[in-house]
Amino acid sequence: MPRNLLYSLLSSHLSPHFSTSVTSAKVAVNGVQLHYQQTGEGDHAVLLLPGMLGSGETDFGPQLKNLNKKLFTVVAWDPRGYGHSRPPDRDFPADFFERDAKDAVDLMKALKFKKVSLLGWSDGGITALIAAAKYPSYIHKMVIWGANAYVTDEDSMIYEGIRDVSKWSERTRKPLEALYGCDYFARTCEKWVDGIRQFKRLPDGNICRHLLPRVQCPALIVHGEKDPLVPRFHADFIHEHVKGSRLHLMPEGKHNLHLRFADEFNKLAEDFLQ
């Protein structure tokens, strides 16, 4: 059977999401080699921004696999010091979220995308908010979940509770130990806790609350009502201060709602981005 006929027979039985495989590469951005994964062939570019210690492969498997590849070109990046964007080792200066936002935007510009939408989880949601505020003409739409614009005493206690990675569940810990090695993983988590808690010393615990009114793009804020790491008031605050934003609550969702309820989340994101 001719290969093209076999291909057409096969593809007629495959889902509309079938298209291209995931490719991995590195590109020089702002003095570092940033690693990213890319899939899909759609006109709408979407950048996936991982959370603390995260990477494209650890944080976005169901999104890289199942977001509609005809509609979207999906890129998942590893921020500097995370995943395969090493060296350098990860550090947490006072402006590390702003640095990540600039790196993320400059990465997508280096890949020749004219405009992008952002899907940001946790720390990646904070980065997405800053990117949308600082580079408004470049950001098309944004979906964020598990993010916060400031740090409270309650948050500080939560962060302190995850400082020791040996107390994490094995399911959460193992992929990161495999990616980083036990020492780098444990050391960087401690550095992250110190890095995020430094905002507590600023007026109102400010991370990016001052930037929220500058966000111009359509924004969807998703919150898992059982999120043990980010209390509901953070989602409400962002929703209140990002003009025209929508808030979607997932009653059973925890912090990793996009992994635990991947089909529901992906449909929500796709419908909003279109």
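**Exercise 1.** Find out how many residues line the largest pocket of this predicted model, and which of them lie nearest its centre.

*Solution.* Start with the count: 32 residues line the largest pocket. Now head for the middle, where W121, T172, L229, H255 and N256 lie nearest the centre. Of the elements, α7 gives the most, with four residues.

**Exercise 2.** Work out how much space lies in the largest pocket, and what classes of residue its lining has.

*Solution.* First the space: it comes to about 1000 Å³. Then sort the lining by class, and you get 15 nonpolar, 11 polar and six charged residues.

**Exercise 3.** Describe how helix α4 packs with helix α5.

*Solution.* Step one is to know what to look for: two packed helices are described by the angle between their axes and the distance between the axes. Step two, take the values: α4 (residues 96-110) and α5 (residues 123-134) pack at about 70°, and their axes are 8 Å apart. Step four, the handedness: α4 passes α5 in a right-handed crossing.

Last, pick out the residues that touch. On the α4 side they are F96, F97, E98, D100, A101 and V105, and on the α5 side D123, I126, T127, I130, A131 and K134. Sorted by class, the residues of this contact are seven nonpolar, one polar and four charged.

Notes:
Residues numbered from 1 in each chain as written. Predicted model: local features only at pLDDT ≥ 70, side-chain atom pairs only at ≥ 80, totals over all residues. Heavy atoms only, no water. Axes fitted to C-alpha atoms, helices over the stretch in contact; angles between N-to-C directions. Helix = DSSP H or I, 4+ residues; strand = E, 2+ residues; numbered from the N terminus. Left-handed = near helix turned anticlockwise from the far one by under 90°. Contact = heavy atoms within 4.5 Å. Nonpolar A, V, L, I, M, F, W, Y, C, P; charged D, E, K, R; others polar. 1 Å grid on protein atoms, 1.4 Å probe; cavity = no way out; pocket = protein on both sides within 12 Å on 5 of 7 lines; lining within 4 Å. Points joined across faces, edges and corners; volume = space filled by probe spheres on them.
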